[in-house]
Each structure stands twice: as C-alpha cells, then as structure tokens.
Amino acid sequence: METTERTRTGVCNLCEAACGLLLTIDGDRVSGVRGNPDDPLSRGHLCPKGVAIGDIHADPDRLRRPVRRVGERWEEIGWDEALDLVADGLAAAVNDHGEDALAIYLGNPNVHSLGAMTHGVALAQSFRTRNKFSATSVDQLPHQLVGYLLYGHQLLLPVPDIDRTSYFLVVGANPMASNGSLMTVPDFPGRLRSLRARGGRMVVLDPRRTETAKVADEHHFVRPGSDAWVLLAVLHVLFSEGLTAPPSYVDRLDEVAELVAPFTAELAEQASGMPAAQIRTIARELAAADGAAAYGRIGVSTQQFGTVCQWAVQMINLVTGNLDREGGTLLTTPAIDAVGRGLIGPGHYDRYRSRVRQAPEFGGELPVAVLREEIETPGEGQVRALLTIAGNPVLSTPDGAALDRALSGLDFYAAVDLYINETTRHADVILPPTSLLERDHYDLVFHLLAVRNTARFTPAVFPRGRDQRHDWEIFRELYLRVTRRRRHKPGVRRRIAAQARMRLSPTFLIGMLLRSGRSQTTLTELRRRPEGVDLGPLRAGQLPGRLRTRDGRIDALPRLVAEDIARLSAPTPPRDGELLLIGRRHQRDCNSWMHNTDRLTRGRARHHLLMHPSDLAARGLADGAVVTVRSRVGEVEIEVAATEDVMPGVVSLPHGYGHGRAGTRLGVAAGVPGVSINDLTDPERLDVSGNAALSGVPVTVSSPDRS
C-alpha cells in the first residue's frame, strides 16, 4: 500500500523557545512530531507542547468560521456579515461615547503570531482610546520598564550568555518548565549539562523547589515578595567589600552605593528567611566568577516590588562587570532588529492615567488590573465596548471572577480568537483566524531575546480552508471597515499610508525588512534553509553604542526606582494564620489555552494546592483533603497536597486552570479539574510599573464551611 505521509519543516510557536520541528503529515493531519536536529537554536529539542501542536490544528472545538451570539446559542455566519457587525459595534461605541469608550486587550499569543505583530498591533494603535491593555501587565512589565529606564528601550534587554557563563543565578524563574522567558533558550536541560561540563554552577532562589531548583547546584528558599531585600543586599555586599568593576559609561553609581547601604544581609534574612551568610557568599561568587549572569523572571516581576527587583538584577550584572561581557549578559544582533529599526517603540511612562484609579500607563497601555473598574464605573470615558485578540483575561488577570461579571454589562464585545473560552463566551461576535500550522511564521520578538543569533522563516504547513481568514486579513478588514464608519477619521495622508501598509502581507513585509537589514540574510535564503540560519553566538562590545538613551549613557539610579526603594524600609510579616500564595507552571501547560488536548492533560493531576506539611498540621488539615482558600477578593475550594517543595508559610496553585464554566466550548478542558488562581489574586496589589502583584497574595486555608 502506497503511503501518503510526507515530512515538513515546522516551528512550535506556542512558547518563547520557538523550537524547530520535523512534522510527519498524512493528508490533512499531523501524524508525528520530532525536534529538528538541524535547527541552529533548538538543536533537536522538543517539549510536550510541541508534540501536541497538531492537536490544536485538528481540535473539533476550534472555530473555523465566524460565530455570533443569538440569545444563549451561537450561530455561524459569513465573513462579510461578521466583519460588518464588528465594525458597526466598535464604531458605534467610539462615535456615540468617545474614543475611550472602546477597550482593547491583547493576549499572550499575539507575540507568537507574525500577522498579529505586523497587523494586529497596527489595528490596536489605529484606535485613539487610552483603554488599551495586554498580558504584559500580568507578566513582564517591570522588565520592560527597567529596560526603558536604563537602556532607553523597553526591549533592549541583555540576555544571559548561558552557553558560555560559569555562574548562573536564577531568581524567581523556572526555565526547566518554561524553556526560558525574556530569554529564548530551547533545550535548557542540555545547556545546563554543558555549563556543568565546563565547571560552571547554577544557583536558584525561589519559594518553591521548582523543576529548575531540583537540578540546581544550590537552591535557597526565599519568602514570596521579599526578593528585593535579597537583591539589594547582594548589591550592598558588592559595594561594601569593593567587589565592583562597572563600565565607564554608567553614571550615579555612588548614589546607588549610598542607597543600598542600609540593606544589609541581616535585614534581607529577616525579610526573606534566607541566611545572611548565603547572601554574602552569592555576592562574592558573582564577583569572582569568570563570566556570571543574574536572571530574574516572572516570580520577581509579579510582586509589589517587581521594578526594584528587575533594576537590582541589572545592577548586579552591571557593577560586577558582567554586562556586555562574554559569559555575562549580552545584547542580540538579530537579522531583523526590531529595536534598531523602530518596529517596536522605545516606551514611555505616565503620559496619562486611568480614569478611575489614576494608574499610570506604560508604552501606551494601562494596567489590565483596572479594566474591570473602567467597565463598571459610570461617567465620561466609561468602557462600553471591548475587542479582545487571542486573550482570556477572565482566567489570566487579577480577580478574574469580578471581570467575568463585568463583561456582561458591555454594550458590545468582539473577539478574534480560535475558541469560545471563559472570556469570549461573553462576546457578541467571534472572528477565528487560521491555526498555527496554516500561516507563515517569523519570530520578530524572540530572535531579539534568544541566547544565540539565528534567523528562521517557516512557511505554512497546511493550506487554509476556502472559508478561512488569516489573522492579518481580519485585522486589515476591521481597520478598513471601522475607518469608513468613524465620525472622526484620521488625516488623509495618515489614512492612505495605513491602508497601503495594511494591504501588504506579513511575509512580504518580512522580506523587505530582511533585504534592508545588516545581516545580509534574505527571505529567499530562509526559504531554501527552513531549519534556520546560524548567525553566531552573542557578541560583546556592543555598549555603549547601542544604548537608546538621550546622552548615550546609563543613569544607574532612575528617580522612579529610588522613590520605590524608599517603601522597602522594613519588611511586613504575614498576619497570624495567613499564608502567601504563589503560582506555578508545568511544562505541559501554556497559560490558559492548552488544556483542550487530551495529550497534555492526561496522567497525574497537577491542579492541587501545594502546602507544607507543617502548615497542614497547624490547621488540622489532611493531605488530599478539600480545603477553602480565601483572599481579600474571593475564595475557592480545591484539593490540597502536602509537600516539602514549598517553604513553610507558602502555598501554590497553578496558573491557567478553572475551566468548565457554562457557555464555553472546550470539551476536553471542561473536564480538567482545578480552579483559577486569579479568582484569589487582588487587582489592588500593583507594582509601580502597573504590573499585577500576583505572587505573595495573603490567603487563609481552612476546612470548607459546610453549614
């Protein structure tokens, strides 16, 4: 019997690792997935999410045609009708109630889609509303704010040179599960083995013994929300013991030394529970190493001092002489330099504030923690219409239950999404784009953050269906149709230029950008070499030349950081009976949207509340029992699992669970047990950047009240 199977080169763009794939195709389905050993970045690495990429393509719950709500049911409609309905609804809100009556939310998958980056962002920017939100403010906003304050651009972010470092300090990050974040590092396990083989070490600070902590040379528990004291104490040791070797293009380091002088290792021990002697040892090891890199990620970003933490991480690398050094932290030189070419703006802070809470914007976005109050609070500028693009903020943002209730009060809600999920179930119209395997792909952002310089273009594996639309085509049509309906249109020249650009395909735009770039890599070459082109290791010696600051120097002590450090004078211990709630992720999870495949959800349950045995015993609770977890904003009931992998006083729930709500169309996910951690997180707890402080939320845990 003649086989119909064939092999195609693909990419897994489900997470930041962007691993190269070899796909076995049988007709219109994926029958096998392997890591591509010829990919110069991922080198054959493959995690469980990549294996499941074909499941998304074949998912019967994935929408292929637009749907609109009719009472409590959904009906399929044609594209022209659907696009007109959405354009009518968005334009009516703006025309009748003003620009700010429309809110826009961009979810995490946008950065993983070429069309969303080239056309979706442009659509969002075409609206003059101040009520723009994204997943950035529940994830990495402190990192981007610090990049802007220190280096002059929100994405000018030095990356750990993991392939050459000899000492890797990991604070609040779990690359064994995440494959790296704001550090694109596929095959982290293999790279860790190489680090060890050359005599290097990895040290992890985390309130949970994570997958990364378990393979580290050292792991130290740190109380949630206390990382700033620890990191400032490291800086204190470096300055007080004369262990600094900063570059010449940095100003005000004497003021930094004076500012951190009170933050002793003993004070950090009081705040964090980490012994002072170990803090001093880490500082000395960082200074003595032949190439060291400190790296902090979501655990330090999603707390009330996230910006201070990320600033301190950058300062540690800088004052030890490891910034712009091989084996330290380095800037990438991608084939398409989205920073240098101005494709992504540098950022700005506090140009305006939210209407209700007066929360400052960053880079043209408000903190998503204020979205609910902007919908519910009457008055001029009240949000009356919403457009979400590839997002599920009901599960992903603080006090998601309150946002869930607020969405029903909108005049109009449209979504561009593959699924009817916990958020989009409230929509009036849903416009589904093609799947990941039906569209061309090039990573504009993750090449910018990768641990090696490479370039890769991946053509669509499957042709799209006759009645499907790519995301960029949806964005183009919405822009054109809404513009025609708007009472106050953009200027003629601006409108003509935008219309012309929106008509160019993402692939055409990538070809133009490559041709005019410095790497001399072309789209033709990348089509000929679908595994990707190796542009070499990260290079030292790029600073200060690539700084985007006004004077071409680094101001080591931005005013915003100095003022926030003043709030750190004394740590506040938890109240009696309170525990501190943190999140967690698993290699088989991808935020809230990869639970609709049996391949990733079968096996041992991973939805439990993790709790230290001593905390269970103190409350008279049993391992495996159902408990009630309460915070200021809500409560959930969930099974508890005893483990010494969390430090005493800490409990942990996974992010992205809480499916099975009425009105969703997620057949597999509906049967996945678990609750949403964001029914407990508090929208009042924000970092100075506006990032939600999802980590270290005070909670109580008790037996359910069955009265």
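**Note on the predicted structure**

1. Helix α4 is mostly covered, with 10 of its 13 residues buried (buried means under 20% relative accessible area, exposed over 50%, partly exposed in between, with a 1.4 Å probe and protein chains only). Among the buried residues are Leu 114, Met 117 and His 119. Helices are DSSP runs of H or I with at least four residues, and strands are runs of E with at least two, numbered from the N terminus.

2. This is a predicted model, in which local features need pLDDT of at least 70, side-chain atom pairs count only at pLDDT 80 or more, and totals for chains, interfaces and linings use all residues. Residues are numbered from 1 along each chain as its sequence is written, and side-chain values use heavy atoms, leaving out hydrogens and water.

3. Helix α4 bends by about 30° at Gly 120 (the angle between axes fitted to the seven residues ending there and the seven starting there). Gly 120 is one of the buried residues of α4.

4. The structure holds 4 aromatic pairs (rings of Phe, Tyr and Trp, the last by its six-membered ring, with centres within 6.5 Å; planes under 30 degrees apart are stacked, over 60 edge-to-face, the rest tilted). Tyr 148 and Phe 362 form an edge-to-face pair, 5.9 Å centre to centre with 70° between the planes. Tyr 148 lies in helix α5 and Phe 362 in strand β16, so the pair ties together parts 214 residues apart in sequence. Tyr 148 counts as partly exposed at 26% relative accessibility, whereas Phe 362 is buried at 5%.

5. Phe 168, Phe 188 and Tyr 295 form one aromatic cluster.
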